[in-house]
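I want each entry to say what I looked up and what I found.

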Amino acid sequence: IGGYFFLLVALYGVAQVAFALGWWAIVGRPHPLSFGELFAAYLAGDSVNCFTSVGGEPVKAHLLRPKMGFGPAFATIWVNRNADVFAQWLFLFTGAAVAMTHFSLPPLARSLVVAGLLLLGGLVAGFTGLRRRGFFRPVLRKLCRSRPFQAHLQQLRAHAHRRDRRNRCDDTTSEALER
């Protein structure tokens, strides 16, 4: 790669700062922590995600817990992650539109691209809708029907209800996040 290595590092660094700024905007005002503290938590969680593919978001929330509480921190991460995936879908949609209008692609490839975009778009819309209605209680309700989990999961119902109230994306989101 040669000298382009530093250019790639800078480009990726700008993207990371932009993602963290988007999250910082969601946290609300007055900011309970500095951008540096939030960016450090973002990088720590992103590092965990790079190595394990999962688990970075709870790490971020745990690191922010002393300043804003685990629940509100996780709620901001949930909203930010959903916005991030939606932005990625828009980017993919734009790239696919450009590719399909400027290049000659086999019909099977075109069909797979359209099907993939529709599937991902449906998932993004579905998760957005679940966040508005509540995500944890419906999942917990289905799991409670399973006998092995029933006794233990019944205890988590009230906690799931509180978590859903914090994670809803409606006009009261900023108020809920500030609490």
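The entries below go through the helix pairs and then the spaces.

**Entry on the model**

I note at the start that this is a predicted model, and I keep that in mind for every entry that follows.

**Entry on α2 and α3**

I began with the general idea that two packed helices are described by the angle between their axes and the distance between the axes. For helix α2, residues 35-52, and α3, I found that the axes come within 7 Å and cross at roughly 155°. Angles over 145 degrees count as roughly antiparallel, and α2 and α3 are therefore roughly antiparallel to each other. I also wrote down that α2 passes α3 in a right-handed crossing. When I listed the contact, I found on the α2 side residues including Leu38, Ala41, Tyr42, Gly45 and Val48, which meet residues of α3, among them Gly56, Glu57, Lys60, Leu63 and Leu64. Sorted by class, this contact of α2 with α3 holds eight nonpolar, three polar and five charged residues.

**Entry on α3 and α4**

Next I turned to helix α3, residues 56-68, and its packing on α4, where the axes lie 7 Å apart and the angle is about 135°. With that angle, α3 and α4 are therefore oblique to each other. The crossing in which α3 passes α4 is right-handed. From α3, residues including Glu57, Lys60, Ala61, Leu64 and Met68 take part in the contact, and from α4 the partners include Phe70, Phe74, Thr76, Ile77 and Arg81. I counted the classes in the contact of α3 with α4 as nine nonpolar, two polar and four charged residues.

**Entry on α1 and α4**

I then looked up helix α1, residues 4-27, which packs with α4 at an angle of about 135°, the axes being 9 Å apart. Here again I could write that α1 and α4 are therefore oblique to each other, and that their crossing is right-handed. The contact is made by Phe19, Gly22, Trp23, Ile26 and Val27 in α1, which meet Thr76, Ile77, Val79, Asn80 and Asp84 in α4. By class, I have six nonpolar, three polar and one charged residues in the contact of α1 with α4.

**Entry on the cavity**

I reminded myself that rolling a probe the size of a water molecule over the atoms shows where empty space is left. How many cavities of 30 Å³ or more does the structure hold? I found one, and the space in the largest cavity is about 50 Å³. Its lining is made of Trp23, Tyr42, Glu57, Lys60, Ile77, Asn80 and Arg81. Both α3 and α4 supply at least two residues of this lining, and the largest share, three residues, comes from α4. I divided the cavity lining into three nonpolar, one polar and three charged residues.

Last, I looked up the largest pocket, in which about 310 Å³ of space lies. Twelve residues line this pocket, and the closest to its centre are Trp78, Arg81, Asn82, Val85 and Phe127. Which helix gives the most to the lining of the largest pocket? I found that α4 does, with six residues. For the helices that each supply at least two residues of the pocket lining, I noted α4, residues 70-102, and α5, residues 107-133. The classes in this lining are eight nonpolar, one polar and three charged residues.

Terms used: Residues numbered from 1 in each chain as written. Predicted model: local features only at pLDDT ≥ 70, side-chain atom pairs only at ≥ 80, totals over all residues. Heavy atoms only, no water. 1 Å grid on protein atoms, 1.4 Å probe; cavity = no way out; pocket = protein on both sides within 12 Å on 5 of 7 lines; lining within 4 Å. Points joined across faces, edges and corners; volume = space filled by probe spheres on them. Helix = DSSP H or I, 4+ residues; strand = E, 2+ residues; numbered from the N terminus. Nonpolar A, V, L, I, M, F, W, Y, C, P; charged D, E, K, R; others polar. Axes fitted to C-alpha atoms, helices over the stretch in contact; angles between N-to-C directions. Parallel < 35°, antiparallel > 145°, perpendicular 65-115°, else oblique. Left-handed = near helix turned anticlockwise from the far one by under 90°. Contact = heavy atoms within 4.5 Å.
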